[in-house]
Every structure is written in structure tokens, then in C-alpha cells.
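Here's a quick tour of a model, helix by helix. Have the viewer open as you read.

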Amino acid sequence: MSDSLDARTRDEIDDQVAEAFDAYLSDRLTERGPLRTALTTGRGARVVLGTVALGALATALAPGGIAAICWIWGAIAVIDVAWLWAAHRR
């Protein structure tokens with residue numbers, strides 16, 4: 001009985017967290033910022049999503065070692081920030 005109560009409690013907490021996160025994201029998307037500006041200027045989020053997808057693939061195929069993975073994600077962060085900054089400046 002205790003396990004089913006714990007499972008129900010976890011499910012309720014997960015639902016509440018998901019609802020709060022959805023509300024937070026919808027509020028954030030109404031605010032002006034680099035991502036919102038990029039989305040409204042028609043540039044879309046393809047570059048950001050593409051770099052994240054390539055980063056996930058590169059992480060899976062990376063030759064062992066944390067250093068290689070840090071370099072991969074560091075480069076992705078630089079590319080994404082530069083892209084969003086350029087979109088914000090327009």
C-alpha cells in the first residue's frame with residue numbers, strides 16, 4: 001500500500017511540476033528576448049535545434065573523455081549564443 005501511495009504522490013508532483021513549467025514557458029515566450037526576437041523575425045529555431053541535435057550525436061560518438069565532450073558543447077554554446085545575439089540585433 002505504501003508503494004502505491006508513493007507512486008500516486010510522485011505522479012501528482014510530476015503533474016504539478018509539468019503544469020508549472022508549461023506556465024513558466026508560456027510566460028517567458030511572451031517576454032521580449034533574443035529567442036523570441038529570432039522566432040518572430042522568421043529565422044526560426046532551426047539553428048539552435050540543429051546544433052543541439054548534432055551535439056547529442058557528437059556526444060554519443062565522441063572518443064572517450066570529458067574534455068572532448070566539453071569542447072563539443074562549448075562550441076555549441078558559442079554558436080547558439082552568437083546566433084541569438086545576431087538575431088536580437090536585427
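## Ground rules

Buried means under 20% relative accessible area, exposed over 50%, and partly exposed in between, using a 1.4 Å probe and protein chains only. Helices are DSSP runs (H or I, at least four residues), numbered from the N terminus.

This is a predicted model, so local features need pLDDT of at least 70 and side-chain atom pairs count only at pLDDT 80 or more, while totals for chains, interfaces and linings use all residues. Residues are numbered from 1 along each chain as its sequence is written, and side-chain values use heavy atoms, leaving out hydrogens and water.

## Helix α3

Helix α3 covers residues 46–61, which is 16 residues. From first C-alpha to last, α3 reaches 22 Å, close to the 22 Å expected at 1.5 Å a residue (that is, 1.5 Å times one less than the number of residues).

Which residues of α3 are buried? They are Val48, Thr51 and Gly55. Looking down the axis of α3, these fall within an arc of 65 degrees, so they line one face of the helix; the arc is taken from the directions from the helix axis to the C-beta atoms. Over on the other side of α3, Arg46, Leu49, Leu54, Ala60 and Leu61 are exposed.

## Asp80 in α4

Asp80 sits in helix α4 (residues 66–89). With a relative accessible area of 10%, Asp80 is buried. Leaving aside residues up to four places away in sequence, Asp80 touches Val47, Val48, Thr51 and Val52, where contact means heavy atoms within 4.5 Å.

## Leu25 in α1

Leu25 belongs to helix α1 (residues 2–30). Its relative accessibility is 36%, so Leu25 counts as partly exposed.

Methods:
Helices (H or I, at least four residues) and strands (E, at least two) are DSSP runs, numbered from the N terminus.
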